[in-house]
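Hello,

Here is the structure I promised to pass on.

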Amino acid sequence: MANRYSISAQQHRIKLATNLFRAAQYQASSPQWYGNSKIQSDFRPQHAMLSMHIWFIHRRLLAYDTPEDKESGKHGYNLMLQEELFDIFWNDTRSRIRSSGVHELTVTKHLKDAQQATFLQCTQYDHAFQEFGDDRVKRFEVICDAVWRHVLGGIDGDDAAAGTGNEGDDEEKGEAVLSHSDARVDDDVLIRKIGAYVEYQMENVVYKLPDDYFDEGRIGWGNIPDLSALGHAKASNAGGNVDGDDVGNVDGAIKTSDDSDQESPEVTTNALRGMTFFKNNWVQVLTDAGEPYYWNEETNMVSWQKPM
């Protein structure tokens, strides 16, 4: 018990939580998600995608709740690891808010708004799997509603959790940055593809990922849904909705997009606010002050100089 609270044990938890967070951040920040006829590359959609991937890890950590897990200390250890994970997540959120250019006095308010949005999103995913575990159609319906509300911006006025305040001119810029610029509320194909991705990752991360991989912070996410043809699909389906057989179509969710479909460097940088990729495993990330620095994923080296 004493060892769990030792300095070395805490250092190990922080390292593992950082690896898990980076795995979620890497997947959620892929440029394959963002662009025309895809997810908008603004703060809120990107934050919602990161929240989604953090939720997968959160559910994996909570899966160890058997009497044997509690007796062995695994359950308690995972709760402590989860706390470290969310501490890292909120620090990263604060950095991204600062990098967006909001007034420093409003950073805490916007952080609370982003946290509320994350909690609402995760609670809706929890509701889908806990209340409708045996009802495939209803479960998928609730998941897609969460995608529509939080990822694509289809949030009713009373439900908006961030960037909707009207408390003065000092917050005007922050509201523009931290809200959806163009809510995608009418693309049924996009909603279903992301919803199927949630179903797939729930099974993949929570139940199938080997413990040896997860305990090192390595997550095999699989392929990202092919969103490249959604503009054509939307046009071809203008006369009707997607067939009901598409509900829970995991195979369709994990089809890979061609590399040639990735966005231009300018769009990619905008989509990956706080996480821009360079050659030789270098990534631009943010300090707590929202300033960029460079981290090598392979060697774990950091540098203030932009890699060549």
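In β3, L286 has P292 as its bridge partner. That pair belongs to the contact between strand β2 (residues 282–286) and strand β3 (residues 292–296), which run antiparallel and are joined by 5 bridges. Strands here are DSSP runs of E with at least two residues, numbered from the N terminus, and two of them pair if DSSP finds at least two bridges between them.

The whole sheet is open and has 4 strands in the order β1-β2-β3-β4, with antiparallel pairing. Because β1 (276–277) and β4 (302–303) each have a single partner strand, they stand at the edges, and one side of each is left without a neighbour in the sheet.

A word on provenance: this is a predicted model, where local features need pLDDT of at least 70, side-chain atom pairs count only at pLDDT 80 or more, and totals for chains, interfaces and linings use all residues. Residues are numbered from 1 along each chain as its sequence is written, and side-chain values use heavy atoms, leaving out hydrogens and water.

The average pLDDT (the predictor's confidence in each residue, from 0 to 100) is 78 for the chain, and 73% of the residues score at least 70. Please take care with residues 232–272, where pLDDT stays under 50, and with residues 157–170, where pLDDT also stays under 50. Where pLDDT is low, the predicted coordinates should not be read in detail.

Searching the whole structure for disulfides (cysteine sulfur atoms within 2.5 Å of each other) gives 0.

Best wishes

Note on methods. Contact = heavy atoms within 4.5 Å.
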